[in-house]
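This report is for a reader who is meeting the structure for the first time. Please look at the sequence and the model before reading on.

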Amino acid sequence: MVQKRVNKGDAEAIYFLGGAYYGGELGLVKNVPRAIELWTEAAELGSLDAQGINHWQQAAMKGHVRSRVILGDAEASEENYKLAVQHWMISAKMGDEESLKNIKDMFKDGEATKAQYAEALLGYRDAVEEMKSPQREEAKRLGI
């Protein structure tokens with residue numbers, strides 16, 4: 001049924017199929033490049049969801065932390081917890097405290113492993129340590 005809608009150029013069906021490829025769902029093998037290709041097509045056809053996801057993915061791949069967090073949030077809202085944790089692991093290791101909290105919550109709910117939470121904690125700690133500088137500490141002291 002989805003394929004019929006895709007063949008007719010239905011932007012939302014194309015977006016949906018992209019999500020299935022991204023997560024390896026509906027019996028499809030996970031294929032992120034194919035997912036991005038489908039989302040790009042859906043965005044060109046006017047799917048607002050695809051346009052947002054496409055921009056966030058592009059930004060995340062270029063190191064934009066907040067986009068990575070948003071992608072994790074989007075996956076969690078679709079109950080794709082494994083992918084959500086993967087996104088948040090990356091952003092936690094870049095020093096994002098919200099991502100670390102999300103992984104902790106997923107661990108408490110049984111959706112992330114103890115090893116994943118430990119890895120996120122260590123990565124977060126390392127990122128925060130790496131970002132420390134006398135200038136930043138002085139700015140923090142001054143409330144800037």
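## Basis of the model

The structure is a predicted model, in which local features need pLDDT of at least 70 and side-chain atom pairs count only at pLDDT 80 or more, while totals for chains, interfaces and linings use all residues. Residues are numbered from 1 along each chain as its sequence is written, and side-chain values use heavy atoms, with hydrogens and water left out.

The protein is divided into domain 1 (1-62) and domain 2 (66-143), with bounds that come from an automatic or database domain assignment. Taken over C-alpha atoms, the domain centres are 26 Å apart. To the contact (heavy atoms within 4.5 Å), domain 1 gives 10 residues and domain 2 gives 10 residues.

The size of an interface is often given as the accessible area lost when the parts come together. Here about 770 Å² is buried between domain 1 and domain 2, with 65% of it on carbon and sulfur atoms; this buried area is the accessible area (1.4 Å probe) that the two parts lose on being put together, summed over both. Tyr-22, Trp-56 and Ala-60 supply 61% of the area that domain 1 buries against domain 2, more than any other three residues.

How many salt bridges does the rule find across the interface of domain 1 and domain 2? The count is 0, where a salt bridge is a side-chain nitrogen of Lys or Arg within 4 Å of a carboxyl oxygen of Asp or Glu. There are 2 residue pairs in polar contact between the domains, both residues being at pLDDT 80 or more. A polar contact is a pair of N or O atoms within 3.5 Å; within protein, one must be able to donate a hydrogen and the other to accept it, and residues adjacent in sequence count only if both atoms are side-chain atoms. On the side of domain 1 that touches domain 2, the elements giving two or more residues are H2 and H4, and H4 gives the most, with 6 residues.

## Helix H5

Helices are DSSP runs (H or I, at least four residues), numbered from the N terminus. The 13 residues of H5 should span 18 Å at 1.5 Å a residue, and its end C-alpha atoms are 19 Å apart, which agrees; the expected span is 1.5 Å times one less than the number of residues.

In H5, the buried residues are Ser-67, Arg-68, Val-69, Leu-71, Gly-72, Glu-75 and Ala-76. Buried means under 20% relative accessible area, exposed over 50%, and partly exposed in between (1.4 Å probe, protein chains only). These buried residues pack against H2, helix H4 (48-61), H6 and helix H7 (97-108).

## Two residues with positive phi

Leu-26, in the loop between helix H2 (11-23) and helix H3 (32-44), is not a glycine, yet has a positive phi of about 60°. Leu-26 is exposed, at 62% relative accessible area.

Glu-79 lies in the loop between helix H5 (65-77) and helix H6 (81-92). Its phi is also positive, about 65°, although Glu-79 is not a glycine, and its relative accessibility of 57% counts as exposed.

## Two buried serines

Ser-47 sits in the loop between H3 and H4 and is buried, with a relative accessible area of 0%. Its side chain makes a polar contact with the side chain of Glu-12 at 3.1 Å.

Ser-91 belongs to helix H6 and counts as buried at 0% relative accessibility. The Ser-91 side chain reaches the backbone oxygen of Trp-88 at 3.3 Å.
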